[in-house]
Amino acid sequence: ILTSKRLLVFSHSLAKLSKICLALTMLINPFVWPYAFVSLLPSSWLEDLIESPCPFIYGCLTESKEHLPSTLQSDVIQIDVDLNIIKGNLDEIVPLPENLRQTLESSLSYLKRFRLVKFDSTLLNIAVSEACLA
């Protein structure tokens with residue numbers, strides 16, 4: 001998501017699909033996903049919108065896979081939530097540098113350990129910001 005990829009998320013469950021798509025956009029917090037985002041894309045629109053050159057996150061019911069063009073571009077990443085499968089060219093994705101990844105993991109671990117009973121999004125935002133700016 002940080003590398004502005006084109007993501008198609010598939011599931012049989014409407015509720016699961018919406019939650020997963022929203023969670024994906026929250027993974028880059030404190031940043032915001034500035035591109036196209038549709039948590040439930042109608043099947044009839046998929047064929048037209050899939051050719052967009054801009055990054056996107058589209059949630060689609062599994063039945064929508066029939067409407068995918070046979071020559072789907074390789075930079076479109078397909079995530080099947082029900083089958084736990086990710087298809088696409090993942091070789092281009094550059095992982096976080098080791099020091100940044102360790103800082104982020106330790107910040108999130110700290111939050112998980114010492115989090116209050118009530119979720120504190122401000123504390124989470126601060127920890128992620130600190131890790132990303134380290």
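Student: Why is the contact between Asp80 and Lys65 called a salt bridge?

Tutor: Because the rule asks for a side-chain nitrogen of Lys or Arg within 4 Å of a carboxyl oxygen of Asp or Glu, and the closest N and O atoms of Asp80 and Lys65 are 2.7 Å apart. Before we go on: this is a predicted model, where local features need pLDDT of at least 70 and side-chain atom pairs count only at pLDDT 80 or more, while totals for chains, interfaces and linings use all residues. Residues are numbered from 1 along each chain as its sequence is written, and side-chain values use heavy atoms, with hydrogens and water left out.

Student: Is Asp80 buried or exposed?

Tutor: Buried means under 20% relative accessible area, exposed over 50%, and partly exposed in between (1.4 Å probe, protein chains only). Asp80 has 6%, so it counts as buried.

Student: What else does Lys65 do with its charged end?

Tutor: The charged end of Lys65 sits over the ring of Phe10, 5.2 Å from the ring centre. The rule wants NZ of Lys or CZ of Arg within 6 Å of the centre and within 35 degrees of the ring normal.

Student: How many salt bridges are there by this rule?

Tutor: The count is 2. One joins the side chains of Asp82 and Lys16, with N to O at 3.4 Å. Asp82 is in the loop between β4 (76-80) and β5 (85-87) and Lys16 is in helix α1 (residues 14-26), so this pair ties together parts 66 residues apart in sequence. Asp82, at 28% relative accessible area, is partly exposed, and Lys16, at 37%, is partly exposed too.

Student: What makes Trp33 and Tyr35 an edge-to-face pair?

Tutor: Rings of Phe, Tyr and Trp (its six-membered ring) pair if their centres lie within 6.5 Å; planes under 30 degrees apart count as stacked, over 60 as edge-to-face and the rest as tilted. The structure holds 2 aromatic pairs. In the one formed by Trp33 and Tyr35, the centres are 5.2 Å apart and the planes make 75°, hence edge-to-face. Trp33 is buried at 10% relative accessibility, whereas Tyr35 is partly exposed at 35%.

Student: And why is the pair Phe56 and Tyr58 called stacked?

Tutor: Their ring centres are 4.2 Å apart and their planes are at 10°, so the pair is stacked. Phe56, at 0% relative accessibility, counts as buried, and Tyr58, at 4%, is buried as well.

Student: Which residues make up the largest nonpolar core?

Tutor: A nonpolar core is a set of buried Ala, Val, Leu, Ile, Met, Phe, Trp, Tyr and Cys residues joined through side-chain atoms within 4.5 Å. The largest one has 11 residues: Leu7, Val9, Leu17, Cys21, Leu24, Ile28, Trp33, Ile57, Ile77, Ile79 and Val81. Two or more of these residues come from each of β1 (6-11), α1 and β4. Helix α1 has the largest share, 3 residues. Another core lies apart, with 10 residues, among them Leu46, Ile50, Tyr58 and Cys60.

Student: What does Ile79 touch?

Tutor: Contact means heavy atoms within 4.5 Å. Not counting residues up to four places away in sequence, Ile79 touches Leu7, Leu8, Val9, Phe10, Leu24, Ile85 and Ile86.

Student: How do you know that Gln78 is buried?

Tutor: Gln78 has a relative accessible area of 16%, so it falls in the buried class. Gln78 lies in strand β4, and among its contacts beyond four places in sequence are Leu68, Leu72 and Lys87.

Student: What about Thr62: buried or exposed?

Tutor: Thr62 is buried, with 16% relative accessible area. This residue is in the loop between β3 and β4 and, leaving aside neighbours within four places, is in contact with Phe10, Ser11, His12 and Asp82.

Student: How many helices and strands does the protein have?

Tutor: There are 4 helices and 5 strands, running β-α-β-α-β-β-β-α-α from the N terminus on. Of the 134 residues, 28% are buried.
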